[in-house]
Amino acid sequence: MAELELKGATISFGAGALLDHTSLTIEKGERVGLLGRNGAGKTTLMRVLMGDLELDEGSVILRPGLTVAMLEQDVPADAKGSVEALLRGVLGTLGIDEWEADKRVERELDRFDLDRDKDVAELSAGMKRRALLAKALVVEPDLLVLDEPTNHLELDAIARLEEALLRRRGSLLFVTHDRAFLRKVATRIIDLDRGNIVSYECGYGTYLERKADNLAAEAKQQAEFDKHLAKEEVWIRQGILARRTRNMGRVRALKALREERSERRKLVGTAKAKVQETERSGRLVLRTKGLSFAYGENRILDGFDFELLRGDRVGVVGPNGAGKSTLLSLLLGELEPESGEVRHGTKLEVARFDQLHGTLDERRTAAENVCGDGDVVFVDGHPRNVISYLSDFLFTPDQARSSIAKLSGGEKNRLQLAAILARPCNLLVLDEPTNDLDLETLELLEELLSNYKGTLLVVSHDREFLENVVTSIVARDPEPGAARGELGTWREHMGGYDDWQRDLRERKEAAAAAVAAEKAKAERKSAGTKGKDKTPRPRKLTFTEAHELAKLPDAIEALDAKKDALLARMSTPDFYKQPLEFQTGARAELERVESELDAVMERWEELESLER
């Protein structure tokens, strides 16, 4: 039996049905990525599956005994009490023994670097997100439902979440805008489009190809239908002589065609936008020298030197609490540094995107947030009605004239982008612009920024976005060997996300080699002999050990190949359709191979250290 089944589901709020007689099945062990435009009904579908919303028609069937946990998109405003109490509170409903509860709590506190005694209400948005993820995972549910789990998480926490989800044996349904996360985690994609759910038994990359093919086939089919309808409409309007001999069956068929055409739900359009560029700034955009700043004991910057030139595209990266938004405020002159200076270049026109939507006024309409009390915006020097302008960002006239209080997070992000792009600029500053954006709008933003000729400063945790957009990264890197979660020093790395990660690995490897060399030197010195040569002579390999060492590389290669084959088999959607005994056996075999590989590698390193 499937873990969960949705049959003939229909639910409406206003004009169009968010779910329109659609169905869905989730099997044991599947990791299902749910995609759809902002407002398509993804969160509504999740709330239906959790039992928080009732369907107008249809049913939700859960496997008897199924346990479900959900992470909602918005952080609850009333969350309070210690982090440990939050985790133990949800475990208290499961009836597990104290030893098991202690083990689970410790695992999640360590996984997400959470302070057990911290009050949840006092945590930052990112730390609250970690605490709520820990709350969902500590239950070890059969079905885990996650709505935008990577929002407000820094890269290290995202990597640990990915690892946790890939190790889980239960089923997973999740919504995300993070394409790298989607590519790594999802074994199946379901697409919620115009009230209907379409399942793609593949990963995200293949889904994009198949979705494009399906849309092309749909457009062709609709064009043929419209052509036939137009032909019948010409026939029905023929003269009196033709009407005397009219075929009434054909008339009824035309009526049916008209009804079918009127019920067709149009594909939601694609947002259209353009960054308006003003007069070029001077070659130097800004330069800092010896910049220092702290909030109490939390030192954000200490002697930071940085230069931003015209046309640079810089990504700012760092863990929660590292001071990324503070750094932007210092660079723009919104905060005064403790010491050091910030020098701005000439002819700067700045446009800034705020991750907390601080530039939007909840009391005003969408149109008023873009152009104040007027009704015209200027695009490339030409006047344009604000309602028409907002339609390019997929806002209906009613939405444009209504208060923004009821807009979703993704819609507010789109509105803020519309407001920013309505004014010319040559320095664009974006603080977490990708949060809550649907994938189509995110790709549009990437295209806009790629074609933008001005200077860009962007804070983001979206790995694929950083890789596609920026030419250098300023990151607060921990020192090699630092404890997990320890903040480091701000550095600039040339290139995108992958180049930055390679720099970190190389620095870590170099530091580890230096430590090993220093340790070996100290050991030689302390174990010196009385002779002229104080260096101890290492023990030589015996004949048996030399023979064993010669065979070890082949053994390592064979175990590596076996491990890769097992991982490849387990990452396919078909794996989770196999009986539970088959899945359990495969996982046990993987653990055995990994353990054996670790032992062989350790023995190889031991023998390699001896003199031949």
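Two strands count as paired if DSSP finds at least two bridges between them. The model is predicted. Its chain has 612 residues, of which 44% count as buried, and contains 19 helices and 20 strands.

**Strand β3 and its partners**
- On the other pairing of β3, three bridges join this strand to β7, again in parallel.
- G33 has a bridge partner in each of these strands: F174 in β7 and I189 in β8.
- Strand β3 is mostly covered, with five of its five residues buried.
- The cover extends to both faces of β3: R31, G33 and L35 are buried on one side, and V32 and L34 are buried on the other.

- T176 sits in the loop that links β7 (171–175) to α6 (179–185).
- The relative accessible area of T176 is 5%, and because buried means under 20%, T176 counts as buried.
- A polar atom of the T176 side chain lies 3.0 Å from the backbone nitrogen of D178.
- Beyond its neighbours within four places in sequence, T176 is in contact with L35, E148, P149, T150, F181 and L182.

- In soluble globular proteins, nonpolar side chains tend to be buried together.
- Here the largest nonpolar core has 69 residues, and L165 and L428 have the most contacts inside it.
- Helix α4 (residues 125–138) gives the most to this core, contributing eight residues.
- Apart from this core lies another of 25 residues, among them A9, L66, V145 and I190.
- Leaving aside neighbours within four places in sequence, L165 is in contact with R31, L137, L144, L146, L172, F181 and V185.
- F181 is listed among the contacts of L165 and also among those of T176.

**Whole chain**
- Among contacts with a separation of 6 or more, 69% are between residues 24 or more positions apart.
- The accessible surface of the chain comes to about 31,800 Å², and carbon and sulfur atoms account for 50% of this area.

Methods. Residues are numbered from 1 along each chain as its sequence is written. This is a predicted model: local features need pLDDT of at least 70, side-chain atom pairs count only at pLDDT 80 or more; totals for chains, interfaces and linings use all residues. Side-chain values use heavy atoms; hydrogens and water are left out. Helices (H or I, at least four residues) and strands (E, at least two) are DSSP runs, numbered from the N terminus. Buried means under 20% relative accessible area, exposed over 50%, partly exposed in between (1.4 Å probe, protein chains only). A polar contact is a pair of N or O atoms within 3.5 Å; within protein, one must be able to donate a hydrogen and the other to accept it, and residues adjacent in sequence count only if both atoms are side-chain atoms. Contact means heavy atoms within 4.5 Å. A nonpolar core is a set of buried Ala, Val, Leu, Ile, Met, Phe, Trp, Tyr and Cys residues joined through side-chain atoms within 4.5 Å. Accessible areas come from the Shrake-Rupley method with a 1.4 Å probe; for residues, only the protein chains shown count as cover.
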